[in-house]
Every structure is written in C-alpha cells, then in structure tokens.
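This report goes through one structure by topic, beginning with a pair of aromatic residues and moving on to sheets, helices and domains.

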Amino acid sequence: MQIQFLGTGCMMPTKTRNLAGVLLSYKAENIIFDCGEGTQRQLKIAGVKPGKITKILISHWHGDHVLGLPGLLQTFSASEYQGVLEIFGPLGSKKFFEHMMKGFAVKEIVDYRLTEVESGKFFENDDFYLEALPMKHGAPCLGYAFIEKNRRRIEMKKARKLGLKEGPVLGKLQRGQTVSFKGKKIKPDDVGFVVGGSKVVYITDTEPCSNAVKLAQDADLLIMEATYASDLQAKADEYGHLTAKDSGMIANQAGVKKLVLTHFSQRYKSGKILEEDARQVFDNTEAAEDFMKIRL
Ligand SMILES: [Zn+2]
Ligand SMILES: [Zn+2]
C-alpha cells in the first residue's frame, strides 16, 4: 500500500502547498481523500493517470476540499474513463454536487455513483473495507478509515512437505478452510500464518471529538489536520479546527503507530513548528509535504 500527499495546505494554495488531497494506492484501487483545487495537476506531477482513480472520498464541502472535483471529472470524461467512478461524501453531498456541476456548460460527465454516508462501514470487498464517522466542524464532515483485512500467507516449504502444490486445495487453505488431502486432515495453520492488515485513517477539519479517537483506534497511520500550533488555540476553537497538539493528543488516546500532520495554515512556511508542537504529546509525528510518500 502506498499513500501520497497531493496537497497539505488549507484555505488557499501556496507556492509549496496545494490544497487537501491524499492518494491511497492499494492493488488496483487508487482512492483519493478530498479533492482540493489543483488536485489533477498534482496527480500529473506525481505521475498518476487520472483514469486510474477508482474512488473519491469527500470529507466535507468547504471549497478547499472539493474545488478540484469539476476539473478532474471533466478530464475523466475527455479521457473516456472506464467503469463507474465512486464518490462518497457526507449527508447533503448529492445536492452540493448537482449544484456544482450545473455551474458549467458540460454536456455529459463520467459515469459516477455518489453515495451519501452517514456513519459506519460503507464499502467492502475481499481485501479491505471503508468506514466513516461524523466529525465536528462548521459543515457536515466525515473522517474516513481504510481497513485492510487480515490475510493468510502460505509457506510453500511446509505445503510441499505435505505433498501440496499450488491449486484449489491450497486456495482453500489460504481462505482459512481445513481440507482433507490423501486421507489426512490439514489445517490452515499447518501450512501458513495470518498477516494482520493495515489501517489508515484520514481526519481533517474538526474540533477535538470522541469520534476522532474512535475512528483512529489502533491505526497504523493517522493522517490528521493540524491547521495551527497550540499557541493559536483560540483560532482553532473559533474555526472548528485542531492544533497540532490536539492531533497528538488524539493519536495518543487512540494508540496509533504513526501520526502525519497536514492541512496547514499558510502562516507556517515549514511544518517543523507543528511537528514539534504535536511531539510534546505524541513522539512518532511527521509533518507532511506535498508529494511525500509513505509505504505500509
Ligand atoms: Zn479545510
Ligand atoms: Zn472546513
């Protein structure tokens, strides 16, 4: 799995930071969390073809998180996007989306399916599932979790010793089923072991709230807003945002492995101040830069 930051600023872009956008690539999936203005140019610079995007998850409908949508969707249509683009967002997303797309002389846009998500699990396949919980902000806002399922790894050495070759029997064992083979019972644990899946959580634009801790619980990677450092706590309270220290506290309470901060006010030329602010309470913190990559 790879995570790449497409934008790490808030409100308006700066020379070095685009607006909200994180790309999560996993097998054939390329999921974008938020789509701030300029996201498609960031994808271009990152070398990602827009046609490869499979899902767009919108946290909320403030401009810095959605103004990249019309342009990106227009490109999808022009490049004959294959399949149906899945868009998820909080309650009210259908109305906002319709209004936005009415603002242009667009004849047709890409095939899409827009789902309004309230809370809980909203997508699942064999490899992973997606969950959301409402956050506390000036507009309906969702935090998202990508949860990879546990999977079994087969140890071929052990399998061969029992006379097993690659094929349907081994397939059953990989799916966790006990099989009978040449009159003997073989359990999945006899030929392999379980590898735990990774959990990535994306939370932006919220006041501190219990749902943030709940959603982030035991995450391998928590991507979280840190609009201000804690000396500007009053501003964070006024606009419904987190300080870096708030994010560190949530990371701490949720027992996450790593915290990466994003969505920085343009007053911070470097993320170092924010990084240090969060590290007062949570050590494994890093401030994101545009195009930064993380492998899990
Ligand atoms: Zn924002
Ligand atoms: Zn906002």
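Predicted model: local features only at pLDDT ≥ 70, side-chain atom pairs only at ≥ 80, totals over all residues.

The structure holds eleven aromatic pairs. One of them joins Phe33 and Tyr202, whose ring centres are 5.3 Å apart; the planes make 35°, so this pair is tilted. Phe33 belongs to strand S3 and Tyr202 to strand S14 (residues 199–203), so the pair ties together parts that lie 169 residues apart in sequence.

Are these two residues buried or exposed? Phe33 has 2% relative accessibility and counts as buried. Tyr202 is buried too, with a relative accessible area of 3%. Both belong to one aromatic cluster, made up of Phe33, Phe88, Phe122, Tyr144 and Tyr202.

## The seven-stranded sheet

Seven strands make up an open sheet of mixed pairing, in the order S6-S5-S4-S3-S2-S1-S18. At its edges are strand S6 (112–116) and strand S18 (293–295), each of which pairs on one side only. On average, neighbouring strands in this sheet are turned by 20° against each other, direction ignored.

Strand S5 (residues 85–89) pairs with S6 in the parallel sense, over five bridges. Within this pairing, Ile87 stands opposite Leu114 in S6. Helix H3 (residues 69–78) packs on the sheet and touches strand S3 (29–33), strand S4 (55–57) and S5. The direction of H3 makes about 175° with that of S4. Helix H4 (residues 93–102) lies across S5 and S6, and runs at about 140° to S6.

How many of the five residues of S16 are buried? Five are, and the strand is mostly covered. Lys258, Val260 and Thr262 are buried on one side, and Leu259 and Leu261 on the other, so that both faces of S16 are covered by the under 20% limit.

S16 runs parallel to S15, to which five bridges join it. S16 also runs parallel to strand S17 (residues 285–287), here with three bridges.

## Helix H10

Helix H10 (residues 244–254) has as its buried residues Ala244, Asp246, Ser247, Gly248, Ile250, Ala251 and Ala254. An α-helix has 3.6 residues a turn, so residues three or four places apart point the same way. The cover over the buried residues of H10 includes helix H8 (210–216), strand S15 (221–225), helix H9 (233–239), strand S16 (258–262) and helix H11 (272–279). After H10 comes Gly255, with a positive phi near 65°.

## Domains

The domain assignment of the protein chain gives domain 1 as 2–150 + 196–295, and domain 2 as 152–193. Taken over C-alpha atoms, the centres of domain 1 and domain 2 are separated by 40 Å.

Terms used. Residues numbered from 1 in each chain as written. Chains lettered and ligands numbered in written order. Heavy atoms only, no water. Pairing = 2+ DSSP bridges. Helix = DSSP H or I, 4+ residues; strand = E, 2+ residues; numbered from the N terminus. Axes fitted to C-alpha atoms, helices over the stretch in contact; angles between N-to-C directions. Contact = heavy atoms within 4.5 Å. Buried < 20%, exposed > 50% of the residue type's maximum accessible area, 1.4 Å probe, protein only. Domains from an automatic or database assignment. Phe/Tyr/Trp six-rings, centres within 6.5 Å; stacked < 30°, edge-to-face > 60°.
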